[in-house]
Amino acid sequence: MKTFNIAAVAAIVLSAASAYAADVSFEVVDANADSLVSFEELSAVNTDVTEEAFIAADADKDGQLNAEEFKALMS
Ligand SMILES: [Ca+2]
Ligand SMILES: [Ca+2]
């Protein structure tokens, strides 16, 4: 009789990936590397930011955040 304890293996893998950095850099958030962060890109890494906050942070109203606008939002 063979026993495969898949749950135990999964628990080990998940605990190894538990470290999470709340601070994310602009380069990491900018998934398509166009030097602008869209709301979709931001919400993929930070679900705490609302669309309202994103729009408020978009100082030049081009619909995306540049590095400066992003820094202001995250600080
Ligand atoms: Ca982008
Ligand atoms: Ca902008």
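The entries below run from the ground rules to single residues.

**Ground rules.** I am reading a predicted model, in which local features need pLDDT of at least 70, side-chain atom pairs count only at pLDDT 80 or more, and totals for chains, interfaces and linings use all residues. I number residues from 1 along each chain as its sequence is written, with chains lettered from A and ligands numbered from 1 in the order in which they are written.

**Confidence.** I looked up pLDDT, the predictor's confidence in each residue, from 0 to 100. The chain has a mean of 83, and 69% of its residues reach 70 or more. Residues 16–21 have a pLDDT below 50, and this stretch has zero contacts in the model beyond near neighbours in sequence. For contacts I use C-beta atoms, placed from the backbone, that lie within 7 Å.

**Overall make-up.** I found five helices and zero strands, running α-α-α-α-α from the N terminus. These are DSSP runs numbered from the N terminus: helices are H or I with at least four residues, strands are E with at least two. Of the chain's contacts between residues at least 6 apart in sequence, 26% join residues at least 24 apart.

**Burial and core.** I call a residue buried if 20 or more other C-beta atoms lie within 10 Å of its own, exposed if 12 or fewer, and partly exposed in between, with C-beta atoms placed from the backbone. Buried residues are 11% of the 75 in the chain. The largest nonpolar core has five residues: Val37, Leu42, Phe54, Leu65 and Phe70. Such a core is a set of buried Ala, Val, Leu, Ile, Met, Phe, Trp, Tyr and Cys residues joined through C-beta atoms within 7 Å. Leaving out residues up to four places away in sequence, Val37 touches Phe26, Val29, Asp30, Leu42, Gln64, Leu65 and Phe70.

**The H2–H3 loop.** I checked Ala33, in the loop between helix H2 (26–29) and helix H3 (39–45). Ala33 has a positive phi of about 55° although it is not a glycine. Ser35 lies in the loop between H2 and H3 and has a positive phi of about 70°, again without being a glycine. Most residues other than glycine have a negative phi. Ala33 counts as exposed because it has 7 other C-beta atoms within 10 Å; Ser35 is exposed because it has 11.

**Met74.** Is Met74 buried or partly exposed? Met74 is partly exposed, because 17 other C-beta atoms lie within 10 Å. I placed Met74 in helix H5 (residues 67–74). Met74 and Ala57 are 17 residues apart in sequence and 9.5 Å apart in space, C-alpha to C-alpha.

Notes: Contact = placed C-beta atoms within 7 Å.
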